[in-house]
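Work through the exercises below with the sequence and the 3D structure open. Try each task before reading its solution.

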Amino acid sequence: MKGSRFTNHCDYGVGIGLRIPHYQHILEKKPVVDWFEIISENYMGEGGRPLAVLDQILEQYRVVQHGVSMYFGNSERPNRDHLKKLKALTKRTRTPWVSDHLCWGSVDGRFTHDLLPMPYTWEAVKTTARNIREVQDYLELPVAVENVSSYAEFHLSEMTEWEFLNEVVEAADCGILLDVNNIYVSSRNHGFDPMDYVNAVPAERVAQTHLAGHTEFKKYILDTHDHPVIDPVWKLYERTIQRCGRVATLLEWDDKIPSFNEVHHEALKANRFLPEAAAAA
């Protein structure tokens with residue numbers, strides 16, 4: 001299967017997150033990489049080195065935008081100033097789709113700068129889907145929403161996290177960025193079977209996956225993006241590919257960042273589970 005309508009039917013293979021410590025290596029060595037994911041908010045200014053580097057990257061590579069501050073779950077409607085800047089960046093990068101998180105993060109103009117878990121209620125489904133549809137319409141691009149890792153739950157929730165995700169994406173008619181490491185982290189913190197989550201999501205809506213490492217503490221595990229991917233997370237990824245086919249895959253590594261080659265090598269392990277990769281190359 002080549003891409004989906006949520007990726008504008010593009011086949012993106014395996015990419016990595018574009019991070020500052022790797023700028024020089026990428027620009028000088030020009031390694032072969034299927035694609036880079038950028039954090040949109042890092043490039044929404046009006047000039048400076050970030051955009052200058054991005055323009056050089058765009059001359060050589062495909063780039064997809066991933067956001068961290070849309071807060072689809074906010075009760076308030078999406079911020080139009082933010083959307084205007086985001087749309088200008090999409091024109092620059094020509095990203096086939098954009099993604100952001102299924103969370104909330106601000107109230108009355110005060111921003112937490114964190115990805116806070118949602119109450120899994122029907123009211124939240126309605127509000128979140130409304131906001132996603134508004135963003136898709138404004139940007140004129142498919143949107144994929146990412147499941148977050150969480151460390152607290154609401155007693156008033158009326159459904160499981162995966163049921164909530166499914167209801168939101170159906171109501172908004174959007175795609176899913178399935179972060180299998182986040183599923184694993186939340187399953188350990190809240191005591192559910194992560195495979196139940198992977199098996200329940202609508203396969204036809206999964207546009208992209210995220211892989212990452214995490215850190216284990218005595219009473220919980222934390223989504224730190226500072227380790228290689230562990231085997232149980234690879235198992236969840238393998239099952240995702242069995243159900244969803246060849247979807248765009250991205251390795252995140254955001255702290256204690258090793259060399260470019262080490263990060264890229266870790267990402268390319270995903271090709272073990274993408275049997276169509278050789279034929280598609």
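**Exercise 1.** In which loop is Ser69 found? Then list its contacts.

Solution. The model is predicted, with local features taken at pLDDT of at least 70 and side-chain atom pairs at pLDDT 80 or more, while totals for chains, interfaces and linings use all residues. Residues are numbered from 1 along each chain as its sequence is written, and side-chain values use heavy atoms, without hydrogens and water.

Step 1. Elements come from DSSP runs: helices are H or I with at least four residues, strands are E with at least two, and both are numbered from the N terminus. Ser69 is in the loop between strand 3 (63-66) and helix 3 (80-93).

Step 2. A contact means heavy atoms within 4.5 Å. Apart from residues up to four places away in sequence, Ser69 touches Glu41, His82 and Asp100.

Step 3. From Ser69 to Gly105 there are 36 residues in sequence, but the C-alpha atoms are 7.6 Å apart in space.

**Exercise 2.** Which residues of helix 9 are buried, and why can they be placed on the same side of the helix?

Solution. Step 1. Buried means under 20% relative accessible area, exposed over 50%, and partly exposed in between (1.4 Å probe, protein chains only). In helix 9 the buried residues are Phe260, Val263, His264, Glu266 and Ala267.

Step 1. These residues lie on the same side of helix 9 because they cover an arc of only 160° around the axis. The arc is that of the directions from the helix axis to the C-beta atoms. An α-helix has 3.6 residues a turn, so residues three or four places apart point the same way.

Step 2. The cover over the buried residues of helix 9 includes strand 1 (14-17), helix 1 (23-29), strand 2 (36-39), helix 8 (231-244) and strand 12 (248-251).

Step 3. Take His264, which belongs to helix 9 (residues 260-268). His264 counts as buried because its relative accessible area is 11%. Leaving aside neighbours within four places in sequence, His264 is in contact with Ile16, Val32 and Val33.

**Exercise 3.** How many aromatic pairs are there? Classify two of them.

Solution. Step 1. Rings of Phe, Tyr and Trp (its six-membered ring) pair if their centres lie within 6.5 Å; planes under 30 degrees apart are stacked, over 60 edge-to-face, and the rest tilted. The count is twelve aromatic pairs.

Step 1. For Tyr12 and Trp35 the ring centres are 5.7 Å apart and the planes are at 75°, so this pair is edge-to-face. Tyr12 lies in the segment before strand 1 and Trp35 in the loop between helix 1 and strand 2, so the pair ties together parts 23 residues apart in sequence. Both Tyr12 and Trp35 are buried.

Step 2. For Trp234 and Phe273 the centres are 5.7 Å apart and the planes are at 25°, so this pair is stacked. Trp234 is in helix 8 and Phe273 in the loop between helix 9 and helix 10 (277-280), so parts 39 residues apart in sequence are tied together. Trp234 is buried, at 4% relative accessible area, and Phe273 is buried, at 16%.

Step 3. Tyr12, Trp35 and Trp97 form one aromatic cluster.
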